[in-house]
Amino acid sequence: MKIKTELIKGYVADAICNQLTDFEIDENAVADSRATLILDAVREILCQDELTDFEMIDEIVSLFGRCNIDCGSCHDF
């Protein structure tokens, strides 16, 4: 994780949120639906009997990457 990049992302996100005064979004619906889809995809990976444990973890880390969820650098194989 690059601290400067994360700080800049937070600053930009705050600036955008401050400018969107009349913008309404149901964040619970968005987060719940996305989280449910991600959990379902993880479940599908875990149910694949032909994968080794390492391959399952690799698939889950790849899924998180595609969903822009940072797993940190310890999974950089």
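The side chains of aspartate 40 and arginine 43 meet in a salt bridge, with 2.6 Å from N to O. The model is a predicted one, and a search of the whole structure finds 2 salt bridges and 0 disulfides. The largest nonpolar core has 8 residues, and a nonpolar patch on the surface has about 810 Å² of accessible area.

**Salt bridges**

- Aspartate 40 and arginine 43 are 3 residues apart in helix H2, so about one helical turn separates them.
- Aspartate 40 is partly exposed, at a relative accessible area of 31%.
- Arginine 43 also counts as partly exposed, and its relative accessibility is 45%.
- The other pair is glutamate 6 with lysine 9, where the closest N and O atoms are 3.6 Å apart.
- Both glutamate 6 and lysine 9 belong to helix H1, which spans residues 3–19. Their spacing is 3 residues, about one turn of the helix.
- Glutamate 6 is partly exposed at 35% relative accessibility, and lysine 9 is partly exposed at 49%.

**Nonpolar core**

- The residues of the largest nonpolar core are Ile38, Val42, Ile45, Leu51, Met56, Ile60, Leu63 and Cys67.
- Two elements give two or more residues to this core: helix H2 (27–46) and helix H3 (53–66).
- In soluble globular proteins, nonpolar side chains tend to be buried together.
- Leaving aside residues up to four places away in sequence, isoleucine 38 touches Leu63, Phe64, Cys67 and Ile69. Of these contacts, Leu63 and Cys67 are also listed among the core residues.

**Nonpolar surface patch**

- Ile8, Tyr11, Val12, Ile16, Leu20, Phe23, Ile25 and Val30 form the patch on the surface.
- Helix H1 gives the most to the patch, with 4 residues.
- Isoleucine 16, one of the patch residues, is placed in helix H1. The relative accessibility of isoleucine 16 is 45%, and the residue therefore counts as partly exposed.

**Cysteines**

- A disulfide is a covalent bond between the sulfur atoms of two cysteines.
- For cysteine 47, the closest cysteine sulfur is that of cysteine 67, at 18 Å, which is too far for a bond. The cut-off for a disulfide is a sulfur pair within 2.5 Å.
- Cysteine 67 is one of the residues of the largest nonpolar core.
- Cysteine 17 is exposed, with 54% relative accessible area. The threshold for exposed is over 50%.

**Distances from arginine 43**

- Arginine 43 lies in helix H2, and alanine 29 is found in helix H2 as well.
- Alanine 29 and arginine 43 are 14 residues apart in sequence, and their C-alpha atoms are 21 Å apart in space.
- Alanine 29 has a relative accessible area of 41% and is partly exposed.
- Arginine 43 and isoleucine 69 are 26 residues apart along the chain, with 17 Å between their C-alpha atoms.
- Isoleucine 69 is among the residues that isoleucine 38 touches.

Conventions:
Residues are numbered from 1 along each chain as its sequence is written. This is a predicted model: local features need pLDDT of at least 70, side-chain atom pairs count only at pLDDT 80 or more; totals for chains, interfaces and linings use all residues. Side-chain values use heavy atoms; hydrogens and water are left out. Buried means under 20% relative accessible area, exposed over 50%, partly exposed in between (1.4 Å probe, protein chains only). A nonpolar core is a set of buried Ala, Val, Leu, Ile, Met, Phe, Trp, Tyr and Cys residues joined through side-chain atoms within 4.5 Å. Contact means heavy atoms within 4.5 Å. A salt bridge is a side-chain nitrogen of Lys or Arg within 4 Å of a carboxyl oxygen of Asp or Glu. Patches are made of residues with over 30% relative accessible area and no salt bridge: like charges are joined within 9 Å, nonpolar side chains (Val, Leu, Ile, Met, Phe, Trp, Tyr) within 5 Å. Accessible areas come from the Shrake-Rupley method with a 1.4 Å probe; for residues, only the protein chains shown count as cover.
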